[in-house]
Amino acid sequence: MADSKADFCSFSDRQQVVTTKLSLDWDINFSERKINGSVQVAVRTLGNDVAKLVLDTKDLTIFSVCDEVTGEKLDFHLAEPDKALGTSLSIKLPSSAQTKGAECTIRITYETSPSALALQWLKPSQTAGKNHPYLFSQCQAIHARSMIPCQDTPGVKAPYEAKVTVPVDLVALMSAERLGDELCPSDSSKKTFLFKQSVPIPSYLIAIVVGLLESRTIGPRSKVWSEKENVDEGAYEFAETEEMLSIAEELMGPYVWGQYDLLILPPSFPYGGMENPCLTFVTATLLAGDRSLANVVAHEITHSWTGNLVTNCSWEHFWLNEGFTVFVERKIAARMHGEKQRHFEAIGGWKDLQNGVERFGVTHGYTNLIPSLKGVNPDDAFSAVPYEKGSTLLFYLETLVGCKDEFEEFLRSYIQKFKHQSITTQDFKDYLLSYFQDKQSVFDDVDWDAWFFQPGMPPIKPSYDTSLSSGCLDLCQRWCHSSSTDLHSFSSEDLKLLTSKQVVETLSLLLLEPPLSLQHIESMKDCYKLGASGNAEIKFRWYRLCIRAEYQPIIPQALDFAVKWGRLKFARILFGDLFKFGVARDQAIARFHQHKADMHPITAAMVEKDLLEGQQSSV
Ligand code: BES
Ligand code: ZN
């Protein structure tokens, strides 16, 4: 397989120096929207005559670079910036550190830019409490470099420590163990929080939040954190956390991170969840009131093994993080709700994969399980493909092995074998084949090349149990095939026997069909009242269905939803739908421009890009 451990998304890769520890000393400056401070990068040299260390940076101002121990100033050079990847920072190593095995610690004093892509600075008016500012980070995939000069590649792992100074009434949390806080001796308006992550992690897992945060205990090793306005709701919604953690431990071995806390972010958080160690970040759109979206928590918990312990060595092997995580997330669902639920979710995943493949086009390189990302920002290649093609491959391999227990045994062994490492797809495949040496012939028919390197849908579709999905298909078909005179046959009873996930599935199926008539939409609105659902996945699909049917009364609600919820999966698609919906287009563009400055920088950039590309393709 064509692969070195190349990470084309980073300047710092393929060098003979590795980070062994990061120590951060930060002052969080809300009035200037900057983090000001220093990082000490401890490094080890792997070869002889290695003269420099190359770090990734983006929009950072570097004030000074010195040898932490001797105080000697070190020469450094910032290259011309690359739009996607930022600016490489080359530092001349002290001469004592230029030989194999030598170590040194380099202190870089710097500050971030107010437009750092990793950070969103919220005004008090953008928070639930309305009185205090709020800051949070999102580093995956390659945004850590806008927060810290570092080897911003998942191929390098290091532990970190941090000292974070914030306004005295606020709380800081990081993706690390909390060591406590103290009043700042030199300034009583400030407080300093201390953190330590002793497990080596890649840079994309460094995370920070600062705000008026409270917590509730939800399990022996878990708290939920958020502004006080939704902390109780969160404690209810995520009450299954410990059960999920113990199932995950059964499946993958001991949880090594100590604490597993959840942080509910303000509405602009761009993802459903982010697996920051010790402190998963989640969107408030999971607060459905009935725990129906808790699979996202199962997913992020699973990353504590697949992703955070065993890590993709470059973003080209992202499926090792996400495909494995989806596969195990659904094993957790099976333990909690039965094997049929796992199959039901896999069927939904296959459909998401079809949509993802269609969006790029069946021959597009981003639909390869292992895409080529040379010079590409991984955010641009992001899709359901690594998640769903990846988990489908594992599902298929499990059926070939023929025994689920045996495959789970392999999973545990894979984690033990590669924990604390960053690996390639080849490492996985080699280990799989060696593990099942005695059964090798079961893999004879696997077309590895097609799975890994061919675009489009996978070469094989596993067969799934349809007991939980057939009702969704039936209801979808009833709607599609009923004439306007049949509409009275629908009622709220139709949904009574369906779970929220089945309602979501039904709506997803309807979205693949030709648009419904306005009369159908009116009836569906009256019968099901989906616009009033507490489940954001249901609401989102309802709005899409209405827009598809060109149902104009939905425009204000759909726009409000797209503006309120910065979760990319919702905002990008809804704005995209509205930009294409003739009568809504101008309004949607105007709302986007009005709101842009308050949006998360990643969401704003993506929606804008979609808008511009849409304009280009319509000329
Ligand atoms: N690690 C991802 C989120 C991510 C991926 C952020 C790539 C930035 C770049 C996280 O684990 C994830 O996959 N979240 C999903 C939820 C999941 C249930 C599929 C999401 O945000 O929707
Ligand atoms: Zn994930």
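**Strand pairing and the ligand shell**

Me: Which residue of E19 is the bridge partner of aspartate 261?
Reply: The bridge partner of aspartate 261 in E19 is leucine 279. Please note that this is a predicted model.

Me: And how do E17 and E19 run, parallel or antiparallel?
Reply: Strand E17, residues 261-264, and strand E19, residues 279-282, run parallel and are joined by 4 bridges.

Me: What is the strand order of the open sheet of 5 strands?
Reply: The order is E15-E16-E17-E19-E18, and the pairing is mixed.

Me: Which strands stand at the edges there?
Reply: Strand E15 (214-219) and E18 do. Each has a single partner strand, so one side of each is left without a neighbour in the sheet.

Me: Now the ligand. Which residues come nearest to ligand 1?
Reply: There are 16 residues around ligand 1, and Gln140, Gly272, Glu275, Glu300 and Tyr387 come nearest.

Me: What does glycine 272 place close to an oxygen atom of ligand 1, and at what distance?
Reply: A backbone N or O atom of glycine 272 is 2.6 Å from that oxygen atom.

Me: What about the side chains of glutamate 275 and histidine 299?
Reply: In glutamate 275, a side-chain N or O atom lies 2.6 Å from a nitrogen atom of ligand 1. For histidine 299, a side-chain N or O atom lies 3.2 Å from an oxygen atom of ligand 1.

Me: How much of ligand 1 does the protein bury?
Reply: The protein buries 90% of the 520 Å² that ligand 1 exposes when taken alone.

Me: Which elements give two or more residues to the shell?
Reply: Strand E18 (273-274) and helix H3 (295-303) do. The largest share comes from H3, with 4 residues. E18 is also one of the edge strands of the sheet discussed above.

Me: How do the shell residues divide by type?
Reply: The shell around ligand 1 has 6 nonpolar, 6 polar and 4 charged residues.

Me: Back to sheets. What is the order in the open sheet of 7 strands?
Reply: The order is E4-E7-E2-E1-E10-E13-E12, with mixed pairing. Strand E4 (61-67) and strand E12 (177-183) stand at the edges; each has a single partner strand, so one side of each is left without a neighbour in the sheet. From one strand to the next, the twist averages 15°.

Me: How many bridges join E1 to E2?
Reply: Strand E1, residues 17-29, is joined to E2 by 12 bridges, and the two run antiparallel. One pair links asparagine 29 with lysine 34 in E2.

Me: What lies between E1 and E2?
Reply: They form a hairpin with 4 residues between them. In the turn, arginine 33 has a positive phi of about 55°.

Me: And how do E2 and E7 pair?
Reply: Strand E2 (residues 34-45) and strand E7 (residues 103-111) run antiparallel, joined by 9 bridges. The bridge partner of arginine 44 in E7 is glutamate 103.

Me: In which sense do E1 and E10 pair?
Reply: E1 and strand E10 (residues 158-167) pair in the parallel sense over 6 bridges. Within E10, threonine 165 is the bridge partner of aspartate 27.

Me: Last topic: which domains does the assignment give?
Reply: The domain assignment gives domain 1 (1-118 + 132-207) and domain 2 (550-619). Their C-alpha centres lie 34 Å apart.

Terms used
Residues are numbered from 1 along each chain as its sequence is written. Chains are lettered from A and ligands numbered from 1 in the order in which they are written. This is a predicted model: local features need pLDDT of at least 70, side-chain atom pairs count only at pLDDT 80 or more; totals for chains, interfaces and linings use all residues. Side-chain values use heavy atoms; hydrogens and water are left out. A residue is near a molecule or strand if one of its heavy atoms lies within 4 Å of it. A polar contact is a pair of N or O atoms within 3.5 Å; within protein, one must be able to donate a hydrogen and the other to accept it, and residues adjacent in sequence count only if both atoms are side-chain atoms. Accessible areas come from the Shrake-Rupley method with a 1.4 Å probe; for residues, only the protein chains shown count as cover. Ala, Val, Leu, Ile, Met, Phe, Trp, Tyr, Cys and Pro count as nonpolar, Asp, Glu, Lys and Arg as charged, and the others, Gly among them, as polar. Two strands pair if DSSP finds at least two bridges between them. Axes are lines fitted to C-alpha atoms, for helices over the stretch in contact, and angles run from 0 to 180 degrees between N-to-C directions. Domain bounds come from an automatic or database domain assignment.
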